[in-house]
Amino acid sequence: MEFTEVVKNRYSCKKFNDNKITAQQLNEILEAGRLAPTAKNLQEQHIYVVQSEEGLSKIDKVTPCRYGATTVLVVAFDKNNVFTYPGGKRNSGIEDASIVATHMILAAHNAGVDSCWINFFDPEILAKELNLPENEEILMLLDLGFAAEGTKALPNHFNRKELTQTVSYL
């Protein structure tokens, strides 16, 4: 698929059917995340693939936003392996994990898989539910699957400001 079409047509799916993504589709999505750039190439991300009923049930306990997805990726990063920027006030963890997640979202659409970025949950509670290591912080959940019949982008999805409203040349 042409990249411009991927970017233009990808939307947040809010209702999935019961069909599961293939191992090949999952691998393409995970590989796109692996190839994402990170500060100093630290690659501090850790992706947890949740497909079991037990794992999905744990996710359902902390968020109403799985929307029936049959696969959920938990995108986390190692808090002890981040680049601290000059000034010492920020580090690369959240932005690097966001880049990884974005690569996976776009790869999902390219592979014919619908997705939704989920951040409506308490990451500390979910980390405990999933028994994740203390050095890892969860950034987001990525619902993956196939849109249920009749599901489409929310009405405001295609409303975009003009570049003149969001870009300035200095």
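Predicted model: local features only at pLDDT ≥ 70, side-chain atom pairs only at ≥ 80, totals over all residues.
Which helices and strands do the buried residues of helix 4 pack against?

1. Start with the opening question. The buried residues of helix 4 pack against helix 1 (3–9) and helix 2, and also against strand 1 (45–50), strand 2, strand 3 (114–118) and strand 4. These buried residues include Gly-93, Asp-96, Ala-97, Val-100, Met-104 and Ile-105.

2. Just after helix 4 comes Gly-112, with a positive phi of about 80 degrees.

3. Now look at the largest nonpolar core, which has 21 residues; Ile-29, Leu-73, Met-104, Val-113, Leu-142 and Leu-144 touch the most other members. At least two residues of this core come from each of helix 2, strand 2 (71–78), helix 4 (93–110) and strand 4 (136–145). Helix 4 gives the largest share, six residues.

4. Beyond its neighbours up to four places away in sequence, Leu-142 touches Thr-71, Val-72, Leu-73, Met-104, Ile-105, Ser-115, Cys-116 and Trp-117. There is also a second, separate core of 18 residues, with Cys-65, Val-72, Ile-118 and Phe-121 among them.

5. Finally, visit Gln-25 in helix 2 (residues 23–34). Gln-25 counts as buried because its relative accessibility is 14%, under the 20% cut-off. Setting aside neighbours within four places in sequence, Gln-25 is in contact with Ala-111, Val-113 and Phe-146.

Key
Residues numbered from 1 in each chain as written. Heavy atoms only, no water. Helix = DSSP H or I, 4+ residues; strand = E, 2+ residues; numbered from the N terminus. Buried < 20%, exposed > 50% of the residue type's maximum accessible area, 1.4 Å probe, protein only. Contact = heavy atoms within 4.5 Å. Core = buried A, V, L, I, M, F, W, Y, C linked by side-chain atoms within 4.5 Å.
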